[in-house]
Amino acid sequence: MGRPKGGKNRKYSYEFKLKAVQDLFDRHLSLNEVCLKHDISMGTLQVWQRLYKEGSLKEGRVRNRGNKFSALHLSEHLTKEQRLELENLKLRIENERLKKGYQVKGGGVNKEYVTLNDVNMKSLDH
């Protein structure tokens with residue numbers, strides 16, 4: 001169904017989300033009953049239900065985690081420790097790829113997976 005074309009995304013207060021989720025758990029209403037009562041989609045309510053169980057139901061939109069490594073290149077403020085942890089993770093992933101016999105060249109749309117069968121391993125040293 002979704003919103004009307006050109007319509008704005010709806011933002012819900014923490015109190016509204018909490019009331020809907022409490023209708024599920026405390027008043028024992030079904031998902032469908034709560035959705036109809038509060039005029040929200042089933043998917044939205046299920047996300048709130050999961051977040052409530054995890055203890056992370058908050059106001060505003062839930063952001064996807066996205067690519068962890070983008071923080072290294074963006075102007076996000078990372079501590080030195082966080083930056084080193086990401087670099088370490090990146091190097092471990094690269095190491096595992098090399099063990100499996102391939103390497104990633106480029107990035108984004110131009111990303112290319114290259115097998116290492118015909119490549120001299122000494123040429124890979126940086």
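1. The pLDDT is the predictor's confidence in each residue, from 0 to 100. For this protein its mean is 78, and 74% of the residues reach 70 or more. The model is predicted: local features need pLDDT of at least 70, side-chain atom pairs count only at pLDDT 80 or more, and totals for chains, interfaces and linings use all residues. Residues are numbered from 1 along each chain as its sequence is written, and side-chain values use heavy atoms, with hydrogens and water left out.

2. The secondary structure consists of 5 helices and 2 strands, in the order α-α-α-α-α-β-β from the N terminus. Helices (H or I, at least four residues) and strands (E, at least two) are DSSP runs, numbered from the N terminus. Confidence is lowest in helix α4 (residues 70-73), with a mean of 64, and highest in helix α2 (residues 31-38), at 92.

3. Of the 126 residues, 18% count as buried; buried means under 20% relative accessible area, exposed over 50%, and partly exposed in between (1.4 Å probe, protein chains only). The accessible surface of the protein is about 10700 Å², and 50% of that belongs to carbon and sulfur atoms. Such areas come from the Shrake-Rupley method with a 1.4 Å probe; for residues, only the protein chains shown count as cover. Among contacts (heavy atoms within 4.5 Å) with a separation of 6 or more, 34% involve residues 24 or more positions apart.

4. Helix α5 (residues 80-100) has 21 residues and should span 30 Å at 1.5 Å a residue; its end C-alpha atoms are 31 Å apart, which agrees. The expected span is 1.5 Å times one less than the number of residues. Just after α5, Gly101 takes a positive phi of about 95 degrees.

5. Which residues do ring pairs link into a cluster? They are Tyr12, Phe16 and Trp48. Rings of Phe, Tyr and Trp (its six-membered ring) pair if their centres lie within 6.5 Å; planes under 30 degrees apart count as stacked, over 60 as edge-to-face and the rest as tilted. The count by this rule is 4 aromatic pairs. Tyr12 and Phe16 are stacked, because their ring centres are 5.2 Å apart and their planes lie at 15 degrees. Tyr12 counts as buried at 17% relative accessibility, whereas Phe16, at 24%, counts as partly exposed.

6. Phe25 and Tyr52 also form a stacked pair, 5.5 Å centre to centre with 20 degrees between the planes. This pair links distant parts of the chain, with Phe25 in helix α1 (residues 14-25) and Tyr52 in helix α3 (residues 42-54), 27 residues apart. Phe25 is partly exposed at 30% relative accessibility, and Tyr52 is partly exposed at 34%.

7. The structure holds 4 salt bridges, each defined as a side-chain nitrogen of Lys or Arg within 4 Å of a carboxyl oxygen of Asp or Glu. Asp23, Arg27 and Lys37 are linked in a network of these bridges. Asp23 meets Arg27 at 3.5 Å, N to O. Asp23 also meets Lys37, at 3.0 Å, N to O; this pair links distant parts of the chain, with Lys37 in helix α2 and Asp23 in helix α1, 14 residues apart. Asp23 is buried at 4% relative accessibility, Arg27 is exposed at 51%, and Lys37 is partly exposed at 46%.

8. Glu96 forms a salt bridge with Lys99, their closest N and O atoms being 3.3 Å apart. Being 3 residues apart in helix α5, Glu96 and Lys99 are separated by about one helical turn. An α-helix has 3.6 residues a turn, so residues three or four places apart point the same way.
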